[in-house]
Amino acid sequence: MVRGVILDMDGLMFDTERVWQRAWAPTLEHFGYGPKPGIDAATRGTTGAEFAVILRSYLGDDVDVDVFWEYFSGVADKTFARGIDKKPGLDELVDFLVDKDVPCGVASSSSPEQIAHHLRMTGMEDRFSVIVSGKEVPHTKPEPDVFLESARRMGVDPGSTLVLEDSFNGVRAGAAGGFITVMVPDLSEPDDEMRSLYTRCCTDLFEVRDLLKSGEIG
């Protein structure tokens with residue numbers, strides 16, 4: 001039986017990955033680079049040192065990662081300021097969990113400020129018992145730190161806790177932490193590695209809710 005549920009944010013709760021995807025072209029152009037096919041997929045779900053390594057592999061060692069990131073995130077933030085779309089089934093899933101007294105939290109690689117902004121913009125700031133940013137733990141995804149910290153704060157065991165993820169790094173992190181890991185693909189469809197790691201793959205959060213209702217997850 002599932003004792004707790006932890007949701008990733010970008011691409012799982014909110015349709016934000018497409019915003020980041022569209023931010024690449026103007027950012028690369030701003031810094032004088034041409035198109036870099038594959039850079040979006042390669043960096044998706046990464047932050048910090050891992051993002052820096054991948055960025056340098058595409059743009060060279062001379063790129064100032066901090067300056068690049070500041071401009072890149074600024075482009076995305078302009079779009080986020082106009083509104084953020086929820087992924088299908090998010091409200092219904094959270095309503096179901098609240099009704100069943102199942103604690104649910106958010107565990108995202110994004111900054112605390114960006115998490116707070118997105119939750120506030122969508123009216124969901126009071127829906128979760130725990131909110132943990134990857135900036136608050138020693139290691140980011142694909143390490144399981146952010147999920148383990150979320151479970152600790154929720155007072156639940158990883159083995160009885162459902163992690164919902166859309167990204168490869170997120171699935172890796174959930175599996176590494178010993179969680180019940182369900183992938184809900186957004187821009188990245190599962191490959192053989194993902195299928196070997198996740199517990200189940202769902203088309204959307206409506207399906208997750210229905211499987212929880214029927215007891216087929218957990």
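**Figure 1. One aromatic cluster is formed by Trp 20, Trp 24, Phe 31, Phe 51, Phe 68, Trp 69, Tyr 71, Phe 72 and Phe 80.** Rings of Phe, Tyr and Trp (its six-membered ring) pair if their centres lie within 6.5 Å. Planes under 30 degrees apart count as stacked, over 60 as edge-to-face and the rest as tilted. The structure holds 12 aromatic pairs. This is a predicted model: local features need pLDDT of at least 70, side-chain atom pairs count only at pLDDT 80 or more, and totals for chains, interfaces and linings use all residues. Residues are numbered from 1 along each chain as its sequence is written, and side-chain values use heavy atoms, leaving out hydrogens and water.

**Figure 2. Trp 69 and Phe 72 form an edge-to-face aromatic pair.** The ring centres of Trp 69 and Phe 72 are 5.7 Å apart, with 65 degrees between the planes. Both residues sit in helix α4 (residues 65–80). Being three residues apart there, Trp 69 and Phe 72 are separated by about one helical turn. Helices (H or I, at least four residues) and strands (E, at least two) are DSSP runs, numbered from the N terminus. Trp 69 is partly exposed, at 35% relative accessibility. Phe 72 is buried, at 3%. Buried means under 20% relative accessible area, exposed over 50%, and partly exposed in between (1.4 Å probe, protein chains only).

**Figure 3. The rings of Phe 147 and Phe 179 make an edge-to-face pair.** Their centres lie 6.0 Å apart and their planes meet at 65 degrees. The pair links distant parts of the chain, 32 residues apart. Phe 147 belongs to helix α7 (residues 145–154). Phe 179 lies in the loop between α8 (168–176) and β5 (180–183). Phe 147 is buried, with 0% relative accessibility. Phe 179 is buried too, with a relative accessible area of 7%.

**Figure 4. The protein chain around these views has 10 helices and six strands.** The radius of gyration is 17 Å, close to the 17 Å of the globule rule for 218 residues, so the chain is as compact as a globular protein of that length. The radius is taken over C-alpha atoms, and the rule is 2.2 Å times the number of residues to the power 0.38. Along the principal axes, the C-alpha atoms fill a box of roughly 55 × 35 × 30 Å. Of the 218 residues, 50% count as buried. Among contacts (heavy atoms within 4.5 Å) between residues at least 6 apart in sequence, 65% join residues at least 24 apart.
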